[in-house]
Amino acid sequence: MAHSGIDVLTAGSNFSRLLGGLWVTIKIALIAIIIGLIIGVLLGILRTLPNRPLRFILRLYLEFFRIVPTVVLLFLFYYILPKEFNVNLPADAVATLVFALWVAAEMTDIVRGALESVPQHQKEAGQAIGLTYWQLQRYVLIPQAWPLCLPATVNLMTRVVKTTSLLMLISVMDVINIGQQIIEANNKTAPNGVFWIYGIIFIFYFMINYPLSRWAKHLNKRRLEANH
């Protein structure tokens, strides 16, 4: 007997499979964000150096990851580059690498903008007491720039989580890929199952992104209030 659409969620191990796919999604996003933040902060600081060739190279890096769609980057790193260089990486590793490089590129601009927003007299005061460039960054500029970075960083995190929906295109067993497999396996017996599967996936993404979005708005509101 054909079961109703909602039964697809509880049939067999379908729900636990969806949770497993959700964990893959979260794990890739989280690792990519951590790596990207570390690299992005360092490169963002370097973008404030009075070194025009270095700043030009880092600007090209940023523009490359801004202009090229994420789906193209995934195909490039998963299908084309491994074939050209005879390197075989698992899909999860490729996805993490691509997202980490993308996060790092975006963070360079966020960090650069925040550092350059610190009042000039703060920099001059640090230089007047004999701080080196990196001491100035550590003790004066970064502590004041970080609150300016935080709202944009949290917004970037939500973009990363949402963009993980593309991972199924390179065969990563994320929550959407698992959901699609369940839909196809139950298409004849429960054609309405697609509504429930994608409904629960929507809830998963909402539960992750909504608190982050609210946090970003709260941080931005606090920053604006502090400036007045």
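1. R223 counts as partly exposed at 27% relative accessibility, where buried means under 20% relative accessible area, exposed over 50%, and partly exposed in between (1.4 Å probe, protein chains only). The residue is found in helix α9 (residues 193-227); helices here are DSSP runs of H or I of at least four residues, strands are runs of E of at least two, and both are numbered from the N terminus. Leaving aside neighbours within four places in sequence, R223 is in contact with P147 and L148, contact meaning heavy atoms within 4.5 Å.

2. Residues are numbered from 1 along each chain as its sequence is written, and side-chain values use heavy atoms, with hydrogens and water left out.

3. On confidence, the mean pLDDT of the protein chain is 90, and 96% of its residues reach 70 or more; pLDDT is the predictor's confidence in each residue, from 0 to 100. Confidence is lowest in helix α1 (residues 7-10), at a mean of 84, and highest in helix α2 (residues 14-46), at 95. Where pLDDT is low, the predicted coordinates should not be read in detail.

4. In the model, residues 20-46 are 100% helix and 0% strand, with end C-alpha atoms 39 Å apart, whereas residues 58-81 are 92% helix and 0% strand, with end C-alpha atoms 22 Å apart. For the span 22-213, the figures are 81% helix and 0% strand, and its end C-alpha atoms lie 19 Å apart.

5. Which residues line the second largest pocket? They are T48, L115, E116, Q120, K123, Q127, Y133, L136, Q137 and L141, and the elements that give two or more residues to this lining are α5 (91-117), α6 (120-128) and α7. The largest share, 4 residues, comes from α7, and the lining divides into 4 nonpolar, 4 polar and 2 charged residues. In this division Ala, Val, Leu, Ile, Met, Phe, Trp, Tyr, Cys and Pro count as nonpolar, Asp, Glu, Lys and Arg as charged, and the others, Gly among them, as polar. The pocket has a volume of about 160 Å³. A pocket is an open set of points, on a 1 Å grid over the protein atoms alone, where a 1.4 Å probe fits, with protein on both sides within 12 Å along at least five of seven lines, and lining residues have an atom within 4 Å of a point; points are joined across faces, edges and corners, and the volume is the space filled by probe spheres set on them.

6. Q137, one of the lining residues, sits in helix α7 (residues 133-163) and is buried, with a relative accessible area of 2%. Not counting residues up to four places away in sequence, Q137 touches I45, T48, L115, I142 and P143.

7. Q122, in helix α6, is partly exposed at 25% relative accessibility and is in contact with V140 and Q144, leaving aside neighbours within four places in sequence. The C-alpha atoms of Q122 and L141, 19 residues apart along the chain, are separated by 7.9 Å. N155, in helix α7, is partly exposed at 38%, and its C-alpha atom is separated by 6.6 Å from that of S213, 58 residues away along the chain.

8. Two backbone angles deserve a look. Most residues other than glycine have a negative phi. N86, however, has a positive phi of about 55°; this residue lies in the loop between α4 (70-85) and α5 and counts as exposed at 73% relative accessibility. S171 likewise has a positive phi, near 70°, and is placed in the loop between α7 and α8 (175-185), where it is partly exposed, with a relative accessible area of 45%.

Methods: This is a predicted model: local features need pLDDT of at least 70, side-chain atom pairs count only at pLDDT 80 or more; totals for chains, interfaces and linings use all residues.
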